[in-house]
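I opened my notebook to look through this structure one question at a time. Here is what I looked up, in the order I went.

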Amino acid sequence: MVSLKQLDNYDFHAELALQWLTAQIHDDGSYGRKINDLACYYKSPYLFSLTDHHHDAHKMLDFIKQKFMQDDGDFISLKGDKSENAAFNEFWSYTNGWITLAAQKLGRFDISYPAFEYLYSFYHPTLGAF
């Protein structure tokens, strides 16, 4: 069981991590020129939206849309690869879900609608699941 003192400590360190991440965002919404892999970005907009850093979330979504979003609503880092991390290539739609969720939550329908349409292509009607 987590004590209140521990919880305070967790909250403190979560806030430090959030401050560090937001300090890394460049004017173009990226984490810098050398950070070109979708795996470095896909959860950040949702985190920023949950913590009322909406400006940072929108800025990063703009970057993700410009850098990684494909015409079919998919997101990829390199032609043919989701990420340099093989796990994301195996679980292809995982990153898409996080980006789509953040975009929908923030009213970024320019991203969430095409991204959802792509995700919906994984729906299996016989199984009733994705």
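Predicted model: local features only at pLDDT ≥ 70, side-chain atom pairs only at ≥ 80, totals over all residues.

**Entry 1: Position 52**

I began with a backbone angle. D52 has a phi near 60°, a positive value in a residue other than glycine. I then asked where D52 is found. D52 sits in the loop between α2 (44–50) and α3. Is D52 buried or exposed? Its relative accessible area is 62%, so D52 is exposed, the cut-off for that class being over 50%.

The average pLDDT of the protein is 92, and 95% of the residues score at least 70. Where is confidence lowest, and where is it highest? Helix α1 (residues 4–24) has the lowest confidence, with a mean of 83. Helix α3 (residues 54–68) has the highest, at 98.

**Entry 2: The overall plan**

How many helices and strands are there in the protein? I found six helices and zero strands. Reading along the sequence gives the pattern α-α-α-α-α-α. Along the principal axes, the C-alpha atoms fill a box of roughly 50 × 40 × 30 Å.

Next I looked at contacts along the chain. Among contacts with a separation of 6 or more, 54% are between residues 24 or more positions apart.

**Entry 3: Surface and charge**

The protein has 130 residues, and buried ones make up 35% of them. Its accessible surface comes to about 8300 Å², and 57% of that belongs to carbon and sulfur atoms.

I also looked up the charged side chains. There are 11 positive and 17 negative ones. The centres of the two sets lie 4 Å apart.

**Entry 4: The nonpolar core**

Which residues touch the most other members of the largest nonpolar core? They are F75 and I99, in a core of 21 residues. Helices α3, α5 (94–105) and α6 (109–120) each supply at least two residues of this core. With six residues, α3 gives the most.

Leaving aside its neighbours within four places in sequence, I99 is in contact with L38, Y42, L61, I64, F75 and I111. So F75 turns up again here, as a contact of I99.

**Entry 5: Two buried positions**

I picked A102, which lies in helix α5. Its relative accessibility is 0%, so A102 counts as buried, a class that takes in values under 20%. Not counting residues up to four places away in sequence, A102 touches P45, Y46 and L61. L61 is also in the list of contacts for I99. I checked one distance as well: A102 and T51 are 51 residues apart in sequence, and their C-alpha atoms are 12 Å apart in space.

Then I turned to a loop. G73 lies between α3 and α4 (86–90). Is G73 buried or exposed? It is buried, with a relative accessible area of 0%. Which residues does G73 touch, not counting those up to four places away in sequence? They are N96, P114, A115 and Y118. From G73 to Y41 I noted 32 residues in sequence and 16 Å in space, C-alpha to C-alpha.

**Entry 6: Two partly exposed positions**

D28 is in the loop between α1 and α2. Its relative accessible area is 46%, so D28 is partly exposed: the value falls between the 20% and 50% cut-offs. Which residues does D28 touch, leaving out those up to four places away in sequence? K59 and F63 are its contacts.

My last stop was L16, found in helix α1. L16 counts as partly exposed, at 39% relative accessibility. L16 and F91 are 75 residues apart in sequence, and their C-alpha atoms are 30 Å apart in space. I kept in mind that α1 is also the helix where confidence is lowest.

Definitions and conventions: Residues numbered from 1 in each chain as written. Heavy atoms only, no water. pLDDT = per-residue confidence, 0-100. Helix = DSSP H or I, 4+ residues; strand = E, 2+ residues; numbered from the N terminus. Buried < 20%, exposed > 50% of the residue type's maximum accessible area, 1.4 Å probe, protein only. Contact = heavy atoms within 4.5 Å. Areas by Shrake-Rupley, 256 points an atom, 1.4 Å probe, with all protein chains shown as cover. Lys, Arg positive; Asp, Glu negative; His and termini not counted. Charge placed at Lys NZ, Arg CZ, Asp CG, Glu CD. Core = buried A, V, L, I, M, F, W, Y, C linked by side-chain atoms within 4.5 Å.
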